[in-house]
Amino acid sequence: MGASDSKLVFKKGIFRLSEDRHIPSRDAYWASFWELPESSEDIFSLFAPADVRRTRDNAPENLESLINAVTDRLFVLRHHPSFPDPELAPDREALNCIRVLTRVLPFIYEKESLQQWDDELFWLPRRKPTRKAVIANEAKTLVDEFEDAKPLAEELIDTLLDLLFFSDLTVPKCPQGKPKVSYAIWQSGVGCNTTIPTTREHESNRCEILRLLLTLASRCMYLSPAVLPNQGTKALTYICTCPDKQLVLSVLCSLLNTTLKYNPASWRVPYNALVFKDPKEMLVTYTLQFLLATVVYPIPEREGVMTPKNYYRHFFGRLHRPQDFQFVVDGMTRILNQPLQANSSYIPGAQTTIKFAPEIIMLFWEITQCNKRFRSFIIDTERAYDFVILILFYALEYKGGRFQARGCEDTLSVEKNFGVNLNKAFEAQDTLPQSIRIAGFRGTYGDFLIQRGTDWYQSIYGLITTSQGKLTAIYPALLAVINNTAAHLEGLSAPTCSRIMQLFNSMSSPSFLLANETNHALLRSLLEAINSIVEHQYSKDGTFAIGDDDDSDDEARPTPAASSPRENPSVASSVASATDDDVPRQLEGMSEKARGKRPAGAGTFSRQNSTASLGSPVPGQSQSGVFEPSAQWIDTWLADLPLHTTLTLLQQLSALISRQLSADTPSSAALGKIRDVHLVGVEPSPIRVHSFEWSPLALGWYESLLWGFIFASEMQVSKGTVGVWNTTHIKLFRVQETAPQGPTLTSPRGAVDAVGSNIVSRIGAINLRGVAAPGAGNGNEQAAPGRGRLIE
């Protein structure tokens, strides 16, 4: 359909779809949807969102007939003995059917009132024409014979999964007499030692099929994060609960191997990514996204019914061969390392930057969660520390933007050996990007990662104090990492201890503690970690007993962003000296000198001062909806803070060590004196492991993160093709529209694209009937954007 005349004919047929009511299901008109278009661009540019919505709202029966027509044609082609013969059963027709469905489904999902209609059309058992009737109808002989069939969506999904392994369509042509569908794994790696020959056409066809599968699963986008984990989506539930082991393993291994075999650093012409699409990268993007959509998906629980198993996640957790683990580790490391190599290239901008690094980190988190053997493998082989540096490099790169997947750190930290091995000397700093090196560094993994912002402690310190409250939902998971590793760390350096004390000073300040009703739990978690260091490694972490006791109040200390923008009025009064009668139970028995050793600005926890400075007598929300702390609320948690170990340490050391000792770098003799102190009343407590616990809220956030990546990458990977979900009313996350970018020096195709897009839009806007398009300008659709930007 390269000529303009053909485009106009197709556009005319699209207008008929919304203007002529009740078009017969056997009308030859329906064949134009799979016979005329020549590419996905034809369908996405000419079948505009306004056309789909107009048909949906004004002629829903025609939309239903269109869906039935293209799915029936797709089923006929899949079972045709000659498919994909270019004359008898061309694959172009099957691909056009797939493209039409990809185009219309999101506009059905976005309209909440159509959910019942959607369920009845796609998910109820139905009667369909028998094969004899289909063959007779193709021969222009009307035969009315019907048979019971499974729901339309289930047959469609089964067909698409078969087409992923169909002879001469997505895999090499099979010998005569062999089944057309052979579940052959696409690439060598997990579960397969040989790679099947693949053409560019095969890869392109796989992309089209995977994109429709993602579209079927994308009803998630039109549910709120609070509703999604409990309601789920029927398409993903059907896919993930498929009991066919051979099919699940073939799909799982094909997706995994294709993703991890990708080498983004392979030799290419410099700057070619600015001009040409990379079909291999497009395929890898879709394989990775569909793999994550299936592995991450939690099967919704139904009351009184046993929850079925997610077989994709189940078999992903059953991997056990060391060579498979090595393949997974090498593939992930290769992809995650690419941006670091691109930044160090001698030709700036010559290499494209991988867009799906966050998804790779999500995949890493998934396998560490569901596969204990893999977790042990990367810790025992010390590859976990490569991932620590890579993941936290990305964490700092994206700390103010979209990247928020930090749970993999907590998952690794539950293993004892992980914390123990952080004490190993770190000697590979020269292999890191210049931006994250430390001049003259000598120390352990723990010391390096703490000081530079790529370790557990410093990453948490940096992320919490610079994230402006954007990472509030994952503060507990970040602090859990400190708790899980604290008891195992030895010989912490002075800068490391200083960082921990700065974090304590920040989190113990009234402006943070009184900002909302949950921040005190974060302080409690940090105190537990400090107690673990003192109780389990005191003799090896004597520096930590000195900490950072600079008395200068003029030095600005970073403070975690409070959820309330106002400055709490209790700060000034909370730092005043308290009388002996006002000393709470945590400080009773301490000398004035010991009290003076407490961090500057930490406050005295005086109930009298707190009462005098708080305006609301009752905890909860004020009339304005802002949290208002009260003395009664403080009493509910203040007495339970685990301060015994810390205060006992301060009290005993204050009586032995001069206060001036902590003003400068302590001598080795002073450190030795501290280490030799026998603490009375401080006993090692059992080591507690803080595991990441999924809640419905966390699941909703995590799935919104994944689908946000899928939505954003659809625009990037296609480079010109209209996004599948563009302009639809998404509920799972918020999308901010931005103006289209014009041609630039690094994007020379911009001018050509702008002209081409203008021509296509003019053709798409033609009203061949001369009648105002119904529903146009009704405010029911978003303005046509240049690009969509995900707002988390």
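Thr727 sits in the loop that runs between α35 (696-718) and β5 (734-738). In this predicted model, its phi is near 75°, a positive value in a residue that is not glycine. Where does Thr727 fall, buried or exposed? Thr727 is buried, because its relative accessible area is 9% and the cut-off for buried is under 20%.

**Other loop residues to look at**

- Asp168 is another residue, other than glycine, with a positive phi, here near 65°.
- You can find Asp168 in the loop between α9 (152-163) and α10 (200-217).
- Which two residues are joined by a cis peptide bond? They are Phe83 and Pro84, and omega for this bond is about 5°.
- Pro84 belongs to the loop between α5 (60-79) and α6 (91-109).

**How α5 packs with α7**

- Helix α5 packs with helix α7 (residues 115-123) at an angle of about 25°, and their axes are 12 Å apart.
- That angle makes α5 roughly parallel to α7, since angles under 35 degrees count as roughly parallel.
- Is the crossing of α5 and α7 right-handed or left-handed? The crossing is right-handed.
- On the α5 side, the residues in this contact are Pro60, Leu63, Glu64, Ile67 and Asn68.
- On the α7 side, their partners are Trp117, Leu121 and Phe122.
- Sorted by class, the contact of α5 with α7 holds six nonpolar residues, one polar residue and one charged residue.

**The nonpolar cores**

- How many residues make up the largest nonpolar core? It has 184 residues.
- Leu66, Ile67 and Trp707 are the residues with the most contacts inside this largest core.
- Leaving aside residues up to four places away in sequence, Leu66 touches Leu17, Trp30, Phe33, Phe47, Val100 and Val104.
- There is also a second, separate core of eight residues, and among them are Leu649, Leu653, Leu679 and Val682.

Notes: Residues are numbered from 1 along each chain as its sequence is written. This is a predicted model: local features need pLDDT of at least 70, side-chain atom pairs count only at pLDDT 80 or more; totals for chains, interfaces and linings use all residues. Side-chain values use heavy atoms; hydrogens and water are left out. Helices (H or I, at least four residues) and strands (E, at least two) are DSSP runs, numbered from the N terminus. Buried means under 20% relative accessible area, exposed over 50%, partly exposed in between (1.4 Å probe, protein chains only). Axes are lines fitted to C-alpha atoms, for helices over the stretch in contact, and angles run from 0 to 180 degrees between N-to-C directions. Angles under 35 degrees count as roughly parallel, over 145 as roughly antiparallel, 65 to 115 as roughly perpendicular and the rest as oblique. A crossing is left-handed if the near helix is turned anticlockwise from the far one by less than a right angle, and right-handed if clockwise. Contact means heavy atoms within 4.5 Å. Ala, Val, Leu, Ile, Met, Phe, Trp, Tyr, Cys and Pro count as nonpolar, Asp, Glu, Lys and Arg as charged, and the others, Gly among them, as polar. A nonpolar core is a set of buried Ala, Val, Leu, Ile, Met, Phe, Trp, Tyr and Cys residues joined through side-chain atoms within 4.5 Å.
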